[in-house]
Amino acid sequence: MEIYVPDIYQENIYKIDYEALLSRGIKFLIFDLDNTLVSINESLPREDNKNLFKKLKEFGFKICIASNSIKARVKPFHEELKVDYIYSTKKPHISKINNFIINSNFGLDEIAIIGDSMLDDVVCGNTIGITTILVDQISKIEFPLARIKRIKEHKIQKKLRDKDLFTKGRYYV
Ligand SMILES: [Mg+2]
């Protein structure tokens, strides 16, 4: 069950203590797109996305967006936010993100993945062996496949809560 448990859990990407991540040695942030940066109805980054990424770049972070969505959905975020991107990643499968990491010259202990899906983002990051940060989903509106996964996630979260491993809404750093 530990494969589902994130290292850090916060309400949203703006509440994450990025300076604390820096002091932990994290230098490379891999962000999920859908329901992490924006809702699925938004096709461009929000102003607050831009402001956050500007601040993170000033901190010295390398940033990449890694999404299971197709290129046409992800590319505008790469262009507007001026960060690397990987599309059709098939998270929780690790191969596409792992290849990107291998070519990045960062160590696993220098990388964090941030996303709203325990089954995709957290499992992917924990399998690779990088720091995992879960945030709550921006919106209840989801793509059909994500909706199915969310039902499974709720069942897993119930088991995790029974074992006192994770409780939705109980944030920790
Ligand atoms: Mg997502």
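Student: Leaving aside its neighbours within four places in sequence, what is Pro45 in contact with?
Tutor: Pro45 is in contact with Leu37, Val38, Lys50, Phe77, Glu80 and Leu81. Two residues are in contact if their C-beta atoms, placed from the backbone, lie within 7 Å. The model is predicted: local features need pLDDT of at least 70, side-chain atom pairs count only at pLDDT 80 or more, and totals for chains, interfaces and linings use all residues. Residues are numbered from 1 along each chain as its sequence is written.

Student: Where does Pro45 lie?
Tutor: Pro45 is in the loop between β2 (28-31) and α2 (47-59). Helices (H or I, at least four residues) and strands (E, at least two) are DSSP runs, numbered from the N terminus.

Student: Is Pro45 buried or exposed?
Tutor: Pro45 is buried, because 22 other C-beta atoms lie within 10 Å. The cut-offs are 20 or more other C-beta atoms within 10 Å of its own for buried, 12 or fewer for exposed, and partly exposed in between, with C-beta atoms placed from the backbone.

Student: And how far apart are Pro45 and Phe77?
Tutor: They are 32 residues apart in sequence, and 6.0 Å apart in space, C-alpha to C-alpha.

Student: Which residues in α3 are buried?
Tutor: In α3 (residues 71-81), Val74, Phe77 and Leu81 are buried. Seen down the axis of α3, these residues fall within an arc of 55°, so they line one face of the helix. That arc is taken over the directions from the helix axis to the C-beta atoms.

Student: Why would residues three or four places apart point the same way?
Tutor: An α-helix has 3.6 residues a turn, so residues at that spacing point the same way.

Student: What is on the other side of α3, and what covers its buried residues?
Tutor: Lys71, Ala72 and Glu79 are exposed on the other side. The cover of the buried residues includes α2, β3 (62-66) and β4 (84-86). Just after α3, Lys82 takes a positive phi of about 55°.

Student: Now the sheet. What is the strand order?
Tutor: The open sheet has six strands in the order β1-β6-β5-β2-β3-β4, with parallel pairing. Its edge strands are β1 (8-10) and β4, each pairing on one side only. Two strands pair if DSSP finds at least two bridges between them. Neighbouring strands are turned by 20° against each other on average, direction ignored.

Student: How many bridges do β5 and β6 have?
Tutor: β5 (residues 111-115) and β6 (residues 131-135) pair over four bridges, in the parallel sense. Ile113 stands opposite Thr132 in β6.

Student: Which strands do α3 and α4 lie across?
Tutor: α3 lies across β3 and β4, running at about 170° to β4. α4 (residues 95-104) lies across β2, β3, β4 and β5, at about 150° to β4. Axes are lines fitted to C-alpha atoms, for helices over the stretch in contact, and angles run from 0 to 180 degrees between N-to-C directions.
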